[in-house]
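Visitor: I would like to learn how to read side-chain packing in a model. Please take one feature at a time.

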Amino acid sequence: MANDESQPGADAPAGGFVQLLTPDGERVDSVTTAEGVTYSVDFTDDEYRGLYRDLVTVRRLDTEATALQRQGELGIWASLLGQEAAQVGSGRALRPQDMAFPTYREHGVLYTRGIDPIMPFGLFRGVDQGGWDPNEFKFNLYTIVIGSQTLHATGYAMGVTMDGKTGGPDGEAVIAYFGDGATSQGEVNEAFVWSGVFNAPIVFFCQNNQYAISEPLERQTRIPLHRRADGYGFPGVRIDGNDVLATYAVTRAALDNARHGQGPTLIEAYTYRMGAHTSSDDPTRYRIASEVESWKAKDPISRLKAFLTKQQLADDTFFTEVDESARTLALDLRERVLAMPDPQPVTLFDNVYPTGSPEVDAQRRQFAEYQASFEGSAH
């Protein structure tokens, strides 16, 4: 039976959540919440298989990135392990005209927006500031400062309204990603206030992975995070963040409501960070192994694979091909990362302003002269 706000299941948090695919791979046709909202998906067989391919590919690329960091090829890496369904499901729910504002962990959303997966590697390798065009891909650059992107997204969404780009099926919507820890930041709460008051066409997508670095959820809130939306005057809904189908259904509905002028929604994707917060973190210092093991049984990839197998939508040949395709892409990514050229320090000034600046040009000359002063010395 599906889990909703009034009917939690054995694997659900207190209060329940929207779930369309159980950890055992059982499909639920639809879920109606206590507020009377019904969620469902209507995918073709190819679309189900495509979602599985996305999940496996994104995880394999993430695994390769972690290995590269451990081998000294990346300065740091923020893994998405365990959160693939939340990212792929919400990313695929976006329409081409929608704009996304990520944190530093949304590699899965980046992949669904058609961005070359190597792009964030330049940032984490320290050779660029992120190489994609946010306007072309409708995906903003990664944001390291916790929660600040929610204000950027809110301002962008208010601009969408001012430009008259809402009110119909072709309207634009905005999605802002953040974690459970970010909900304690002032910027996030300010974004909620402004979005609610100005009825901004935005979806706040909180990936509640249970830990703000080492701080557990109970030190962030005394109520479920999605209920915070009540105080700001817009709806909140909790989903099974390890269920790619529920994630897609709820995110698509919230985005469509936003584009039609119905204002913000807060989505709490109840999931789990299986790995470390970043590669500089040691999660064994603040959580126990049995907790991690319990979440492995809710793995987003395993449940979709079980569904495809039970419904005879895929066989071993398909699963093997997907694994091999993901492996090949990861090895190609590794080679490209290792081949990245180290930029000259003076290029730091290249992209400060789009049309240049006399002041920055002067700083560039001074820096170049400073560097040249070391030539031929023992430094």
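Guide: Start with a charge over a ring, which requires NZ of Lys or CZ of Arg within 6 Å of the ring centre and within 35 degrees of the ring normal. Here K298 lies over the face of W295, 4.3 Å from the ring centre. Likewise, the charged end of K305 sits over the ring of F319, at 4.9 Å from its centre. This is a predicted model, in which local features need pLDDT of at least 70 and side-chain atom pairs count only at pLDDT 80 or more, while totals for chains, interfaces and linings use all residues. Residues are numbered from 1 along each chain as its sequence is written, and side-chain values use heavy atoms, with hydrogens and water left out.

Visitor: Which aromatic cluster includes W295?

Guide: Rings of Phe, Tyr and Trp (its six-membered ring) pair if their centres lie within 6.5 Å; planes under 30 degrees apart are stacked, over 60 edge-to-face, and the rest tilted. W295 forms one cluster with F17, Y211, Y270, Y272 and Y286.

Visitor: How many aromatic pairs does the rule give?

Guide: The count is 29 aromatic pairs. Y211 and Y272 make an edge-to-face pair, because their ring centres are 6.4 Å apart and their planes stand at 80°. Y211 belongs to strand β6 (residues 211-212) and Y272 to the loop between β9 (265-270) and α9 (289-296), so the pair ties together parts 61 residues apart in sequence. Helices (H or I, at least four residues) and strands (E, at least two) are DSSP runs, numbered from the N terminus.

Visitor: Is Y272 buried or exposed?

Guide: Buried means under 20% relative accessible area, exposed over 50%, and partly exposed in between (1.4 Å probe, protein chains only). Y272 is buried, at 1% relative accessibility, and Y211 is buried at 9%.

Visitor: Which residues touch the most other members of the largest nonpolar core?

Guide: A nonpolar core is a set of buried Ala, Val, Leu, Ile, Met, Phe, Trp, Tyr and Cys residues joined through side-chain atoms within 4.5 Å. In the largest one, of 70 residues, they are Y52, F121, L245, L304 and L308. A second, separate core has 22 residues, among them A153, M158, V188 and F204.

Visitor: What joins the side chains of Q19 and D240?

Guide: A polar contact is a pair of N or O atoms within 3.5 Å; within protein, one must be able to donate a hydrogen and the other to accept it, and residues adjacent in sequence count only if both atoms are side-chain atoms. The side chains of Q19 and D240 make such a contact at 2.7 Å. Q19 lies in the segment before β1 (31-32) and is buried, at 1% relative accessibility.
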